[in-house]
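Let's take a walk through a protein model together, one piece at a time. Keep the 3D view open as you read.

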Amino acid sequence: MDFFLYEITNWPSIKFSPNILEAHQQKDFFIGINLDIKSAYDSVYIDGLIQKCLHIGITGYIVKFIHHFLQDRVVQVCWRNQLSKTKVTQCGLAQGSVLSPILFAIFLFVFEDTLEEGVQVSIFADDIFIYCSHNSPDHIVKKLRRTMNNVYQWCKYWKLNISPEKSAVADLSRRRMSSHPDISYAGVPLPWKTEIKYLGFIFSKTNQNNINIKYLRTKARRKINALKSIAYKTYGPRTKDLISIVNHSICSLFFYNCSTINKWSATHLHICDVIQTTALRTAMGLPIWTPNIILLKLAAQETLSRKIQRLATQFFLKHIAYGAHSPLYRNDEALALCQALDELPNDEDNLLLLTDSLSVLQALANLSIKSNKIILRLAAKIATREKFHQNIVLLWTPGHAGIKWNEKADNLARRVTESDLSIHWVTVEDIITQLKAYAENQTDAAYRGSKYYATLGDIPSIQTVAPWLKNRREDIIIAHIISRMIVTPALLHRFGLNDNPLCSMCKCDNSIEHILLYCRKYSLIRQALCHRLHVNLDDISTFKSFLSIICASQHAIRALFSLLKFSDIC
């Protein structure tokens, strides 16, 4: 969420990216100033914050709590089990508090009043980006100079300090400026730069996409190298945890500005996919020649480029849902109650509505002008019926099976779902859920349509079999077996790393299928495995049938590992 008050957006940089593109199309000049607040949270003027809370309508016990929470806080340092003297702080917000980002956004309230006409701003926490576009550079410089003077007066009044050395001015247009005029803050000229980094995204005059992909790729490679240092082959974190690290630490680099990255070329998006597959191979301990389709199927992941597109779509849908006249709503239970009131007859004196959503009832009980619009719509429908002297009762039925009224509500809801009613509303959560399900099905569909499906069958993900495995070593072994990437003479010969691919006893290709299913050297091990699993040798005559039996249960996997120690695989 953007820290700028009343702005609802997940990517603040998307606010001015279209403005840059528009300036490029109209061949206008575009100059931006990136300001950095010095010790932003630590320099918040508490009395000024309370004044702004009162100004926007935060009163009563809440503002008293905020004032007591921030005033006279004590700071103390612990070093080598020794505590320093205490110091009382009279300014600043509590670091790590969930209230601090909200309070800081309130403190920056009415910052837009400092802007001259035609000048715009994007604010996220202590990062401020002020920008202006026009066909005359002198006009832009004049506007920005006045704006910077207003910003200085505003910061001086509210006791904030801007760091000129961390700030920068950049020309982001396609046109060339004859010179770089001085734009100062508090008499200190701001340095001109060829590019500006704002919220992890680099904005440049030329080759912006190339610069960003190189920056993100370099950053991702550093994290992949760090991942390699903990992704040991025999011990350490489990594979499922390493996959989670890949998603939340490496792939997430591309999620933050996905609405902009989604517009990149296919070549740049392919680079994103390469970064993802490289990180997944490290996490799963698989060799570089593992096919991407099998890799994504085992990791239960969609391609990074497709996920970026999906997140960009979700971003667009959420913006529609927050609109004043949007057909998208954000609460399924409230939507169901609205639909029920529309379908119920108007001539009934008493109506009993059953719901298992306590949050909807609490929202109705604490109704205000800032309530969710679907809650306001539900309240309006209830008020309209009460004007016709209808007595409406909303009854909360806990969402547990076996409760009479809850079962009755579920049956009624099921009948409505299976009917042919035309419902003109849809919740944004339903659309996002369907998008996620579609993305998961896309990975499965791509695997099923590949040549590997005929050989391997419907293989499980590593997260599915992880509870049946004991350690990292077993995670890697089962991943190698399922993907047929166990290092054998036949596999090495396939990549030109071994001259003799034949089994010394059977005189045929010494592949993983041969070792597990046909080699005479391990016939006793196969018989013991079939005996433990209560299957016939004919039932595991192909590698596909072998995997389907082994991955079906914990008992089968444990039986396989108990016998693998007698083979050359482990």
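Keep in mind that this is a predicted model. Now, which residues of α16 are buried? They are Val428, Ile432, Ala439, Thr443 and Tyr447. These residues cover an arc of only 115° around the axis, so they sit on the same side of α16. Here's a handy bit of background: an α-helix has 3.6 residues a turn, so residues three or four places apart point the same way.

Next, let's go inside. In soluble globular proteins, nonpolar side chains tend to be buried together. In this model, the largest nonpolar core has 84 residues, and those with the most contacts inside it are Phe254, Ile481, Phe543 and Phe546. Helix α9 (residues 266-284) supplies the largest share of this core, 8 residues. There's also a second, separate core of 47 residues, which includes Phe104, Ile162, Tyr185 and Leu190.

Zoom in on Phe254 for a moment. Leaving aside neighbours within four places in sequence, its contacts include Ile213, Leu216, Cys272 and Ile308. Another residue worth a look is His268, which lies in helix α9. Is His268 buried or exposed? Its relative accessibility is 11%, and because buried means under 20%, His268 counts as buried. If you skip residues up to four places away in sequence, His268 touches Asn209, Asn210 and Ile213.

Finally, find the open sheet of 5 strands, with the order β6-β7-β1-β8-β11 and mixed pairing. At the edges stand β6 (120-124) and β11 (192-193); each has a single partner strand, so one side of each is left without a neighbour in the sheet. Strand β8 (residues 168-171) runs parallel to β11, and 2 bridges join them. Look for Ala170, which stands opposite Lys193 in β11.

Helix α1 (residues 17-26) lies across β1 (29-36), β6 and β7 (127-134), running at about 155° to β1. Helix α5 (residues 137-157) lies across β1 and β7, and runs at about 20° to β1.

Methods: Residues are numbered from 1 along each chain as its sequence is written. This is a predicted model: local features need pLDDT of at least 70, side-chain atom pairs count only at pLDDT 80 or more; totals for chains, interfaces and linings use all residues. Side-chain values use heavy atoms; hydrogens and water are left out. A nonpolar core is a set of buried Ala, Val, Leu, Ile, Met, Phe, Trp, Tyr and Cys residues joined through side-chain atoms within 4.5 Å. Buried means under 20% relative accessible area, exposed over 50%, partly exposed in between (1.4 Å probe, protein chains only). Helices (H or I, at least four residues) and strands (E, at least two) are DSSP runs, numbered from the N terminus. Contact means heavy atoms within 4.5 Å. The arc is that of the directions from the helix axis to the C-beta atoms. Two strands pair if DSSP finds at least two bridges between them. Axes are lines fitted to C-alpha atoms, for helices over the stretch in contact, and angles run from 0 to 180 degrees between N-to-C directions.
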